[in-house]
Amino acid sequence: MGGNYLGRKAFQALVTLLFVLIVNFLLFRAMPGSAERILLRNPHISAEQLEAQRVRWGLNKPVFPDQLVDYLAATAQGDLGFSFEFRGQRVTDVILAKIGPTILLIGIGEVIALVLGLALGAYSGWRRGGPVDYVGTSLALVLYSMPSFWLGMILLIIFSTSLGMFPGNGMITPGITGDPLTRLADLMGHLILPGVTYAIGYVGQYSLLMRSSVIEVLAEDYVLTARAKGLTEGRILRSHGLPNALLPTVTLVAINLGYIWAGAITVEQVFSWPGLGTLTVSALGSRDYPVLQGIFLLLSFSVIAANFVADIIYSRLDPRVRS
Amino acid sequence: MRMPLRTRVVRVAMAFGLGLGAVLPALRPAVAADLIYRIGTTQEIDSLNPFQAYLYSSYEAFILNYDVLVGFGPDLEYAPTALAESWDVSTDGKTYTFKIRSGVQWSDGQPMTAKDVAFTYNYILDSLETDNSITLFTLTKVTKVEAPDDSTVVITLSDPSSLILGAYIPILPEHIWKDVTFEQANNEFANDPPVVGTGPFQAVEWQKGQFTRFVRNEHYWGTKPAIEEVQLIYFANQDAMDQALQKGEIDAARSILPSQFKQIDDDPNIVGVDGATNGFDQLSFNGYDGKGAEGVGGSTKALLDPKFRDALGYAVDKDLLVSQALFGYGEPGTTVIPPLLSTWHYQPPASDLRKFDIEEAKSRLEAAGYKDSNGDGNREDKEGKEISLNLVTPDTNAYYAQSANLIAEWYKQAGIKLNVQVIDKDTVTEYVTPPEADGKANFDIELWGWGGGPDPDFLLSIFTTDQIGGWSDSFYSNPEYDKLYSDQQIAPTQAERKAITDQMQAMVYKDAPYDVLYYSAELQAYRTDKWHGYTLQPRTGGTPFFTFGVENYVNLQPGPEPTPAPPEATTAPGASPAASAPTSPVETPGSSGSNTPLLIGGIILLIGVIAIGMIAMRGRRRGPEPDDE
């Protein structure tokens with residue numbers, strides 16, 4: 001039964017991925033403007049040169065089926081082609097260089113958001129109606145609804161420009177030297193403002209979800225039973241309340257993790273963080289199709305993978321879904 | 001079995017440790033922090049390979065990395081500020097002999113000789129014979145480049161022309177570039193740092209999306225700069241760049257937001273430079289004569305009529321465009337050589353200028369035969385078709401869209417319908433490409449701009465018949481103009497050339513393939529508390545950086561200006577009086593007062609949150625309470 005469930009989910013994920021690949025391919029072919037012209041960026045060329053570029057980039061072949069087949073075959077081998085903007089660089093290299101910074105930013109942001117959000121939500125749900133619940137819930141609503149680029153600018157102006165506490169641009173001080181600890185400290189200093197900006201929005205989201213989930217679970221019959229058995233309130237929350245209340249949160253976090261590549265566009269743009277978000281914006285600006293295609297592929301792949309992982313975790317946490 | 005929570009946390013932490021290691025930069029030689037000069041820019045360089053770079057920022061990297069053959073002086077005149085110490089022209093004007101500075105070394109210690117100059121020029125010329133021609137640099141009328149010995153370069157021309165002096169081509173090291181094929185030069189060759197050149201600073205690190213670092217070239221032939229390292233720092237967010245300048249994180253910035261320029265200029269430690277751009281923005285009318293070809297050219301034949309274009313010129317209020325779209329930072333436009341090139345700019349006499357006057361536009365349209373015979377408020381062309389023009393403009397500058405919308409309103413008052421389409425720049429390029437270059441020239445009016453070099457030749461070339469299928473986006477074709485264009489290239493003296501270029505500018509103004517809207521300002525700013533000795537190039541109306549030389553990089557001295565009155569050259573016209581005020585060495589971050597409203601806003605926000613909490617609390621007390629703990 002369990003194997004069957006997994007196999008079905010894996011098959012679904014693969015079909016979705018193939019579909020995404022084809023849409024991805026067609027989408028960029030349907031956009032106005034010819035690729036070879038963008039490649040050359042120079043109208044001052046002869047027809048022979050245009051043709052040479054077409055041959056070089058395989059654009060002289062028909063879109064269907066030749067180019068599509070070439071594209072699928074190359075993608076399957078992990079070859080995403082060359083960037084238009086950064087000439088001579090493989091798309092995979094361009095994207096890989098930006099994944100580290102984004103994972104770092106989103107990772108820190110997610111950890112802060114999870115720890116604070118779940119703690120606040122669990123406590124608010126448990127002590128429902130208490131002062132922490134009232135202030136916490138309204139605060140969570142405000143934080144959740146705050147646009148991150150605006151929040152980022154405000155934090156930048158207060159903590160970077162006025163107070164001078166943290167740097168507000170980039171990931172490292174250009175040309176910084178010294179021992180690894182100094183450089184780590186420099187990196188962390190740069191990370192704080194964007195990390196906090198990213199986290200704040202999600203603290204609200206996670207705490208609201210956790211709160212309602214805890215409240216729901218605490219009203220269940222088995223909690224009443226536990227209470228009748230004479231367990232302490234703390235024990236009830238730890239053993240019966242939280243594990244069950246975490247179920248919907250797992251799904252949300254997994255789906256959020258799928259979107260992390262895209263989620264940071266605004267935050268990265270405000271703080272010039274050199275991650276996938278700023279890469280997406282610059283690739284759009286210069287119509288760097290191969291890079292955009294690569295980012296879209298990565299994004300769709302991670303959403304599909306995150307959902308697949310969520311399905312697996314869910315089936316482990318809750319045996320009912322397996323049957 | 002569920003994995004114990006603790007184990008999972010440890011695994012996540014480990015994954016993080018790994019990620020961290022990957023993004024930490026490697027150890028690099030130290031430079032005293034106070035001898036670093038930092039320039040903020042919102043436009044990142046696009047390549048360190050001169051044959052692939054299109055963006056203005058990259059040219060700043062090239063003047064730091066390399067030298068050209070003939071340099072430019074303080075007022076953009078040809079000067080022995082680069083590799084050529086002196087030059088001679090043969091009496092027939094067809095042979096140029098350059099004496100190359102001796103003892104110049106590449107940054108890797110190899111000697112630089114006349115052979116490298118000949119190599120670079122021949123590299124470009126030879127590539128033109130292949131499918132991988134290098135088109136970003138042109139060597140007008142050059143037929144042969146030779147280096148008879150290590151200190152002499154002889155260039156032979158097909159016709160007499162002084163344009164070779166203005167060739168803005170970085171001289172590259174033969175010992176590195178001889179192994180690069182033309183195909184590589186146009187494609188995968190990135191010229192990765194450390195770059196080897198003869199310029200005062202060499203790129204040693206380019207972190208894409210972050211910064212480019214240039215360290216002082218200890219082999220530089222000229223004055224040894226006090227600056228040890230130059231950093232071009234990229235800002236994805238323009239507000240953040242302006243904040244960083246005010247905070248002192250960067251020493252200078254390019255392309256300040258017009259809306260923030262005044263506030264920045266008011267800072268006692270910052271001088272704002274309202275410099276002129278070496279270019280213009282224009283309405284380009286589609287003059288492509290489709291000759292009946294299906295789907296080619298503009299939507300109406302009226303566009304081909306100089307009288308129609310002339311009449312529309314009266315329907316544009318350029319003063320208002322400057323004050324509204326450019327926040328006052330710029331000059332209303334007239335001719336196609338910008339006033340920054342003061343030697344060459346031609347200003348039509350007041351009697352010939354088209355002044356904003358909707359009534360005049362209307363009467364000229366009537367006189368030219370564009371009447372509204374069906375009385376619907378919109379004019380018809382001579383074929384009886386309603387005129388409905390389509391304007392395309394790129395989304396690269398907010399002021400393009402703003403200008404286009406204002407113009408649409410004025411055209412409407414004159415009885416001409418104008419639809420505005422704001423799209424990405426590559427699609428605009430696609431629209432304005434004529435059949436000669438495999439396109440369809442499918443537009444009526446294009447609103448965009450041009451930037452030129454220190455020589456006006458390029459800006460004048462746009463209107464030649466030869467450029468249809470090349471740079472031309474108006475498809476203006478006039479044999480008389482073409483003749484003048486070749487004449488000015490071979491004019492023996494500057495005065496004679498000037499007489500011809502004036503005539504050409506007047507011709508373009510009269511026939512109006514372009515309506516030059518404005519010369520927008522190049523807003524830069526620099527701090528005066530850490531470095532002094534700034535100069536502008538050109539001295540009048542110029543800017544300190546992103547010019548055609550390295551003066552400031554080489555000459556700036558650390559510390560604030562020692563005497564209260566700086567030399568005349570450092571005061572920019574249009575710069576604030578703060579420039580000449582004694583500068584205070586003490587920085588006072590956050591005291592500018594501009595952030596007070598934000599702090600107040602933050603406090604109001606906090607109070608709001610608390611208030612919402614209170615209301616929520618009251619609401620709950622009143623509401624029904626289910627089983628609470």
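This report walks through parts of chain B in a predicted model.

Let's begin with confidence. Chain B has a mean pLDDT of 84, and 84% of its residues reach 70 or more. Residues 566-594 of chain B are another matter: there the pLDDT stays under 50, and the model has 52 contacts beyond four places in sequence for this stretch. Residues 620-629 of chain B also have a pLDDT below 50, with 4 contacts in the model beyond near neighbours in sequence. For the complex, the predictor gives an ipTM of 0.77 and a pTM of 0.78.

**An open sheet with a helix on it**

Now find the open sheet of 4 strands in chain B, whose order is β4-β5-β7-β6 with antiparallel pairing. Why do β4 (84-89) and β6 (142-149) of chain B each have one side without a neighbour in the sheet? Both stand at the edges with a single partner strand, so nothing in the sheet flanks that side. On average, and ignoring direction, neighbouring strands of this sheet are turned by 20° against each other.

The partner of β6(B) is β7 (residues 152-157) of chain B, and the two pair in the antiparallel sense over 5 bridges. Within this pair, B:Glu146 has B:Val154 in β7(B) as its bridge partner. Helix α3 (residues 114-127) of chain B packs on the sheet and touches β5 (95-100), β6 and β7 of chain B. The direction of α3 makes about 160° with that of β6(B).

**A strand with several partners**

Next comes β18 (514-527) of chain B. Of its 14 residues, 14 are buried, so β18(B) is largely enclosed by the rest of the structure.

**A helix with a buried side**

Which residues of helix α7 (residues 258-266) of chain B are buried? They are B:Gln260, B:Phe261, B:Ile264 and B:Asp265. These residues cover an arc of only 140° around the axis, and therefore lie on the same side of α7(B).

Key: Residues numbered from 1 in each chain as written. Chains lettered and ligands numbered in written order. Predicted model: local features only at pLDDT ≥ 70, side-chain atom pairs only at ≥ 80, totals over all residues. Pairing = 2+ DSSP bridges. Axes fitted to C-alpha atoms, helices over the stretch in contact; angles between N-to-C directions. Contact = placed C-beta atoms within 7 Å. pLDDT = per-residue confidence, 0-100. Buried ≥ 20, exposed ≤ 12 C-beta atoms within 10 Å, placed from the backbone. Arc of directions from axis to C-beta.
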